[in-house]
Amino acid sequence: MGSSSLSPREEQKQRVNMKTLEEENKWLKEQLNSYSIIFERSLDAIMIFNQNGEFVEVNEAACKLFEMKKEELIGQKFQIFLSLVPPDILQFQYSMLHKFGSFSDELIIKLKNGKIKHIEFSIKKDAFNNFDLAIMRDISSRKALERERTINEFLFRDVFNRAVDGIVIFDESGRFIDVNPAFCMSLNLDKATLLCLSFQQFIANEYKEDFAKLLCELKKKGTAKGELSLVLFDGTVKMFELTTTSNVYSGFYMAIMRDVTDKKNMEVKLQKSEERFRAIFEQAHEAIIICDNEGNILNANPAASRTFELPLNELVKRNLKDFINYKDKKVKKIVQHFYMAGEIRDELTFHMPNGEDKQLEFTSKRGVVDGHHLTIFRNVSERRKMEKVLRESEQKFRSIFDRAMNGILLWDDQYRIIDVNPIACEIFNASKEQLLHQHVYEFITEKEKNNFYKLLKQCERTGEAYAEMNLSSDDEKPKIVEFSLKREIISGVSMMMLCDVTERKELEERLRKSDTLNVVGELAAGIAHEIRNPMTALKGFIQLLQNSMKEDYSMYFNVITSELQRIESIITEFLILAKPQAVQYKQNDVRKIMKDTIDLLGAQAMMHNVEIIAKYSEDLPLIYCEPNQLKQVFINMLKNAIEVMPKGGTVTVNITQIDEQHIQISITDQGCGIPEDKIKKLGQPFYTTKERGTGLGLMVSYKIIEEHQGEIEVKSQVGVGTTFYITLPTEQEKEEYDELGI
């Protein structure tokens with residue numbers, strides 16, 4: 001029924017359509033088969049996902065990518081492999097896929113077996129009726145290579161920048177493409193400047209041909225080594241050792257350059273040093289020997305041949321032990337110390353082959369010449385003899401220096417004391433340690449410093465100078481010192497001779513006073529003789545006139561008689577000076593003599609409103625003296641004390657024992673005092689500080705005390721008063737002389 005309902009034409013058309021459909025179906029099957037083959041055989045992983053992101057279909061490459069069987073993979077969610085991908089990255093990729101329908105990117109997936117893979121993917125949404133198509137490729141190896149290349153590039157750049165040696169990238173014409181900091185520092189230029197330059201602009205003319213040959217070798221062999229001299233813009237020449245490599249990248253060359261300028265200079269210096277050493281070794285005046293550990297002489301210079309009295313060819317066959325007593329304790333000690341310390345400096349006696357003994361000073365160092373020992377010898381035999389003579393001379397000089405009767409002081413160019421003998425220490429009242437290294441003028445008193453500076457200046461001008469100075473301070477006994485200066489007695493050393501002339505000056509002063517007294521005595525004897533005779537006549541006639549005169553002229557006669565008595569008193573004092581008195585020295589108590597004197601002058605003291613206070617120490621020894629003469633001294637002293645206090649006051653008398661051989665009597669008044677310049681003149685003939693005085697009383701007192709082997713010292717303060725100190729010995733030296741029979 002169906003066929004009858006169609007016309008032949010329609011049937012024909014239907015048959016044609018059926019045939020076409022069959023052919024089209026066949027083609028589709030072939031295409032599907034081709035796609036299936038492509039799907040399965042594709043090297044890239046191909047996956048089809050449903051709307052839930054589950055695997056619907058995967059090819060063999062996908063199974064390899066996820067390292068799972070097809071049955072295990074289908075139905076799994078792709079999401080489980082993305083645990084290492086940050087959520088924000090996944091969110092971004094999903095949004096891009098929904099927005100554009102397709103998306104390509106890279107991901108990290110973590111497989112169920114724990115492996116991690118980098119993949120490159122491309123995904124298309126709704127590629128097959130709500131199914132998504134994804135194509136993935138494992139790029140883990142490429143990523144590893146990229147990471148390794150990145151690391152290598154970083155390491156290369158780090159090495160390039162940090163390298164101590166210069167590194168240069170250059171082209172075939174020598175133009176700089178890149179340079180590291182070390183090379184910039186070597187050429188004293190910054191990188192930007194160097195990249196505009198080339199090797200040829202720095203190569204010295206004599207090295208340009210060598211550089212051209214090096215480039216040719218580099219192009220042929222790919223590597224080349226050599227040395228290159230570069231001239232910097234400031235004219236400095238630097239020497240480099242370089243190693244070059246071709247085609248490091250982009251066809252460029254690389255050179256590693258080491259600055260060996262210092263090394264080359266050191267080599268030159270070492271060469272010159274070796275030449276100098278050889279010259280010194282050969283020409284040295286000291287003997288030089290090189291030996292091994294056993295002491296065998298390996299080398300020696302001509303001076304060693306002369307010192308050891310052997311030709312060089314024989315000396316180098318000998319052993320150092322042949323010249324010394326190796327069993328000697330000192331030798332063993334020296335050898336032991338040498339091997340412990342590696343060096344030694346000492347002195348030994350060496351026995352020469354000709355029988356002569358030489359004292360040699362030597363310095364040895366271990367292993368300084370190719371592991372062998374170097375020893376330098378010096379013949380000090382003659383020097384030791386000279387030193388012995390010098391030591392003996394120095395001992396003689398030191399003995400004379402230290403035992404000299406005068407002080408000796410040596411000073412340097414800065415006026416610092418470098419040596420001083422004991423007498424000089426006594427004069428300056430200081431120890432040697434206190435004087436050494438001090439300036440010479442530090443121990444001069446302030447009042448004499450100006451005079452001492454003048455003395456030093458005179459010594460500088462004329463080479464020598466002489467002066468006398470007072471080195472005592474205000475509260476000390478006078479000390480007069482003679483200075484005799486001599487400049488440059490030896491180079492840099494000047495000498496000062498010191499002599500304490502205090503006693504000599506005192507003796508001279510005593511002699512001068514003694515001479516004066518002698519003259520005064522002779523004069524006094526003449527005057528007394530010539531005046532006393534007429535005085536006797538005058539006194540007699542005055543008495544006759546006084547008795548015969550009727551009128552009362554008693555006042556005039558009294559004045560005349562008083563003045564005649566004064567003249568007679570002066571004549572009596574003259575006579576004391578003129579001729580020795582008959583004296584009898586015996587043991588006496590000085591307190592009794594002083595008490596009798598005070599009693600005698602008591603009335604006069606009361607008339608002048610003066611009180612005399614006496615203080616005596618207990619257990620005072622008796623003194624050997626002439627009592628009447630001492631009484632005369634005390635009378636003179638006390639009368640002077642009373643007379644200098646016209647308005648009254650107190651005179652204090654003290655008698656004390658100052659040591660076992662001496663006592664001291666002090667008489668102190670409250671008068672107007674005596675200036676210092678006048679104190680020195682006290683005791684001189686006719687010198688007095690009183691208006692009507694003659695000065696003879698004090699002069700007589702000085703003479704009496706001197707005859708008693710004592711001394712008088714005066715201390716006074718103007719406006720306060722004066723004290724006379726009389727020091728007397730308890731026994732006279734004459735007694736000692738008598739005992740000795742002299």
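Predicted model: local features only at pLDDT ≥ 70, side-chain atom pairs only at ≥ 80, totals over all residues.
## Paired strands, a surface patch and a buried aspartate

Strand S25, spanning residues 662-668, pairs with S27, spanning residues 721-729, in the antiparallel sense over seven bridges. S25 is also joined by seven bridges to strand S24, residues 649-659, and these two strands likewise run antiparallel. Within that pairing, Val-653 stands opposite Ile-667 of S25, while the two strands S24 and S25 make up a hairpin that has two residues between them.

| Strand pair | Sense | Bridges | Facing residues |
|---|---|---|---|
| S24 and S25 | antiparallel | seven | Val-653 and Ile-667 |

Elsewhere, a nonpolar patch on the surface is formed by Val-56, Phe-128 and Phe-131, which together have about 230 Å² of accessible area. Phe-131 belongs to strand S5, residues 131-138, and this residue counts as partly exposed because its relative accessible area is 30%, which lies between the limits of 20% and 50%.

Is Asp-165 buried or exposed? Asp-165 is buried, because its relative accessible area of 19% falls under the 20% limit. This residue is found in the loop between helix H5 (140-162) and strand S6 (166-170). Leaving aside residues up to four places away in sequence, Asp-165 touches Asn-180, Ala-182, Ile-256, Met-257 and Arg-258, and the side chains of Asp-165 and Arg-258 are joined by a polar contact of 2.9 Å.

How values were computed: Residues numbered from 1 in each chain as written. Heavy atoms only, no water. Patch = residues over 30% accessible without salt bridge, like charges linked within 9 Å, V, L, I, M, F, W, Y side chains within 5 Å. Areas by Shrake-Rupley, 256 points an atom, 1.4 Å probe, with all protein chains shown as cover. Salt bridge = Lys/Arg side-chain N within 4 Å of Asp/Glu carboxyl O. Helix = DSSP H or I, 4+ residues; strand = E, 2+ residues; numbered from the N terminus. Buried < 20%, exposed > 50% of the residue type's maximum accessible area, 1.4 Å probe, protein only. Pairing = 2+ DSSP bridges. Polar contact = N/O pair within 3.5 Å; in protein donor to acceptor, adjacent residues only side chain to side chain. Contact = heavy atoms within 4.5 Å.
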